[in-house]
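Dear colleague,

I am handing over the structure that we spoke about, and my notes on it follow below. Please keep it open beside this email while you read.

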Amino acid sequence: MNVEFAVLSRQYIEYQDEYEEAALRALRSGWYILGNELKEFEEEFAAFEGVKYCVGVNSGLDALVLAIKAIGLGHGDEVIVQTNTFIATVLAITESGATPVFAEADAFFGLDASSIESMITPNTKAIIPVHLYGQPCDMDTIMAIAHKYNLFVIEDCAQAHGAKYKGQIVGSIGDMGCFSFYPMKPIGAFGDAGAVVTNSDELVEKLQMLRNYGSREKYNHEIIGVNSRLDELQAAILKVNLKHVCKLNTERKSIAGRYLNEIKNQSVKLPANRPDTDHVYHVFPLLCKQRESLRLFLEDNGIHVQIHYPISCHLALCYANLGHKAGELPVAESYADQLVSLPIYVGMTEDEITYVINKTNEFKGEFYE
C-alpha cells in the first residue's frame, strides 16, 4: 500500500461543487481585490473567532509581519518566541528589525511558559506563542505574564484553526491572532492566504492601512505600508472551508484518536495532550530516538512522512549572527532530532489509517524512555 503524507484532492472532490461555484462567482463578479467576497469572509471568520475584526492578507507570514508592524516594533525591541516553530514566525520578528529571544519548548510542543519571566528585559515588547501542530499553548500563564509586564501577545495560529484553550478559541485570547490559510491548513485556500484577527479598534485600522500601501483611501498614504491583500478568489474558497471546518477538524481528530489508541510501540513516544484544550491535529508528531531508521522503515513500506522541523530556529543558518549554540535549548533541540509526522488528512481511508498503525507498530528500535 502507498500512503501519501497528504492528498488535498480528496477534500476538493468532497466539496467540488461548492468550490467551483464559489470560484465562478468570484470570477464572474468582475471585482477581484478588496470586494464583497473578502468582506464577507472577514465578517464570517471574525464571527467564528468570536472577535470584532478580521483583516485578510496574502499569507500567514504577512499576517505576522503586519501584526508586529501594527504595534510599532523595530530596532532595539525584543520578542519572546519559542524556537521550535516554522521559520516564518521568527522571520516576521526580524523583518521589523526587532530581535527574537528564543524560548524553550514544553512537553506539549508549545512555548514553555515557565521560562518566559526570566527572559524579560526592559527591551521586551511582545510574546508570540505558537499553537504548534494544532495544540494550544499555556495561555493562562502567558497572558498573566503579559499583563504583569505590559507586553503584547500575538498568537501564531497558523496550524490551529478552531483549536480551543479552556473553551476559548485560539486567536481570540491575545491582542492579535495570526492565521495562515496555506492549502494544507485546517482552513486552507487554493494558494497563499492569511489573516489577522483582533478586538482592537486601533490595531484593525493600522492593519487595514498596512496591507493596502498604508492608505485608507486611494493615493492618500498615511503610513508606510505594503501590498498584502487577500484576493477575492481565495476569499470565496475560504468561505467554503470555513463552513465545513468543524467537520474537517473532527475527521482529523478521529484519525488522531486511532493513532493514540492503537499505536503501541515502545520505540516511539506519542504526543501528549495539554489538559483543558481542544487539539485539532494539523500534524500528528511522534518522537523516536532512531528517527532516521523509523522514517526509512515507513518510507520503505510506502508510508510518506515529514520531519517538522529538523533545525531549531535559534540554530538556523540565517540567524548565525545571533550567536546561539547547540545545547542551549535541549528540549526543543531533541524535538528537532527525534520528531516524525505521520499522515493525517481529510479523506484518509480506514484501510490507510490501519496500515500506518500496523507498520508503525512493526518498527523495532530503541526503547523510548
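Helices (H or I, at least four residues) and strands (E, at least two) are DSSP runs, numbered from the N terminus. With that in mind, Asp-276 has its place in the loop between α8 (232–262) and β12 (277–278), and its phi is positive, at about 65°, although Asp-276 is not a glycine. Most residues other than glycine have a negative phi, and most peptide bonds are trans. Asp-276 counts as exposed, at 57% relative accessibility, where exposed means over 50% relative accessible area, buried under 20% and partly exposed in between, for a 1.4 Å probe and protein chains only.

Please note that this is a predicted model, in which local features need pLDDT of at least 70 and side-chain atom pairs count only at pLDDT 80 or more, while totals for chains, interfaces and linings use all residues. Residues are numbered from 1 along each chain as its sequence is written, and side-chain values use heavy atoms, with hydrogens and water left out.

Tyr-219, which is found in the loop between β10 (215–217) and β11 (220–221), also has a positive phi, near 70°, and Tyr-219 counts as exposed at 68% relative accessibility.

Turning to the sheet, seven strands form an open arrangement with mixed pairing, in the order β1-β9-β8-β5-β4-β2-β3, where two strands pair if DSSP finds at least two bridges between them. The edge strands, each of which pairs on one side only, are β1 (53–57) and β3 (99–103). Strands β1 and β9 (residues 194–198) run antiparallel and are joined by five bridges, and Gly-56 stands opposite Ala-195 in β9.

Which residues have the most contacts inside the largest nonpolar core? They are Ile-154 and Met-176, in a core of 32 residues; such a core is a set of buried Ala, Val, Leu, Ile, Met, Phe, Trp, Tyr and Cys residues joined through side-chain atoms within 4.5 Å. Helix α4 gives the most to this core, with seven residues. A second, separate core has 25 residues, among them Ile-255, Tyr-259, Ile-263 and Val-268.

The bridge partner of Phe-284 is Leu-342.

The structure also holds 17 aromatic pairs, where rings of Phe, Tyr and Trp (its six-membered ring) pair if their centres lie within 6.5 Å, and planes under 30 degrees apart count as stacked, over 60 as edge-to-face and the rest as tilted. The rings of Tyr-133 and Tyr-309 are stacked, because their centres are 6.5 Å apart and their planes are at 25°. Tyr-133 lies in the loop between β4 and α6 (139–149) and Tyr-309 in the loop between α9 and α10, so this pair ties together parts that are 176 residues apart in sequence. Tyr-133 is buried, with a relative accessible area of 3%, and Tyr-309 counts as buried at 18%. A cis peptide bond, with omega about -15°, joins His-308 and Tyr-309.

One aromatic cluster is formed by Phe-41, Phe-45, Phe-48, Phe-179 and Phe-181.

With best wishes
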